[in-house]
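Good morning, colleagues. I would ask you to look at the structure on the screen while I go through it.

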Amino acid sequence: MLQKKYPSPVHSREAESDGEKTALYTGKTNTVTMRRGKNRLQLALKSAENSDTDTAETEHVAPVQVETTYTVYIWKEVVTGGAYERDEGVPREGLSGEKTAVEAEEITGFTAQEIAQQTIAEDGSTVVHVYYDRILYTVTYVQDEEIHSTAIPESNTFRYGATVETAFDTSDVTGYVLSWYTDEDLTTRFDPTEPLTSDLTLYAKWTEAAVHGISVSITPSDTTDITLTKTETTEADGSITAIKFTVTSVPAIAGASYAYAWTCEGNVLDITDVSATIDTTALTEGSYDVTVRVTVCDSDGNELERSPYTAYAQIVVR
């Protein structure tokens, strides 16, 4: 109810106008007319100080709020940075004329930017954009004190979900090949295909390389459920021109499906079979980590609890 106080004495009466009841309030100095229409309340205030000729009139219109909707779009930074990907949008409810009240959600690996709230339009056209940046994590590289490559940084930063760089030009260290582990005792081999989800410390392991030609080693996997073997293709002079790696054992489950993903030195190979052949003639001097990940799903398409299984190998070219 709208209430106004005016100088007394004040007299009131009701009048009919165009089928609409109007309340007239008459005081010593002012006349107030209040009309109640269908969608708005009009208040007309007429000054009548000591003069019947003063006709100045001011009209104030109070907007009517209606329930409506607006849309919230969530934008997530891509793993390479510099751009964002948008979701399909989520409808929210609010009152026209009011400000939106969008709050940032907790999304693993992301932090929200400040949200620019908007005034809600009656026609439902209002849009609020919420931007989320990927968290930056630090990867620390720890090297042996005796064998040390100046090409390897002490640390580097990567966005949440990125793959960690482990391929460095270590040509300043001769006679050794480099591999990375996640523990100081060098027992757990680092998987370069795993996306980064937290700060990480990697420990370098330097292995004495073969004196000539190509050498191939297979690192025992963390589990006995998967076995990797190799077959070398050689020329008459004994040089190796190709190496075929094959997954020879995985958990045997009736009706299960198996998906194979191969990488060489962090680069994803266009191979999804149980075997992958590496053309060694295309390799320059250095070491190359070969990784295979086997994802196993049951007959209903559900991934096994211990899946995926991972096996490693290394090719050294001298």
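I begin with the contacts in this predicted model. Among contacts between residues at least 6 apart in sequence, 53% link residues at least 24 apart. As for secondary structure, the protein has 22 strands and zero helices. It comprises 318 residues, of which 34% count as buried. The exposed surface comes to about 19,900 Å², and carbon and sulfur atoms contribute 46% of that area.

A word on confidence. The mean pLDDT of the protein is 80, with 76% of its residues at 70 or more. For residues 1-51, however, the pLDDT is below 50, although this stretch has 92 contacts in the model beyond near neighbours in sequence.

Let us turn to strand 18, residues 257-264. Which strands pair with strand 18? One is strand 21, residues 286-297, joined in the antiparallel sense over eight bridges. Within that pairing, W262 has V292 as its bridge partner. Strands 18 and 19 form a hairpin with two residues between them, and E265 in the turn has a positive phi of about 55°.

Finally, I would draw attention to S149. This residue lies in the loop between strand 11 (136-142) and strand 12 (155-159). Is S149 buried or exposed? S149 counts as buried because its relative accessibility is 0%, below the 20% cut-off. Leaving aside residues up to four places away in sequence, S149 touches Q143, D169, T170, D172, V173 and W206.

Definitions and conventions:
Residues numbered from 1 in each chain as written. Predicted model: local features only at pLDDT ≥ 70, side-chain atom pairs only at ≥ 80, totals over all residues. Heavy atoms only, no water. Helix = DSSP H or I, 4+ residues; strand = E, 2+ residues; numbered from the N terminus. Buried < 20%, exposed > 50% of the residue type's maximum accessible area, 1.4 Å probe, protein only. Contact = heavy atoms within 4.5 Å. Areas by Shrake-Rupley, 256 points an atom, 1.4 Å probe, with all protein chains shown as cover. pLDDT = per-residue confidence, 0-100. Pairing = 2+ DSSP bridges.
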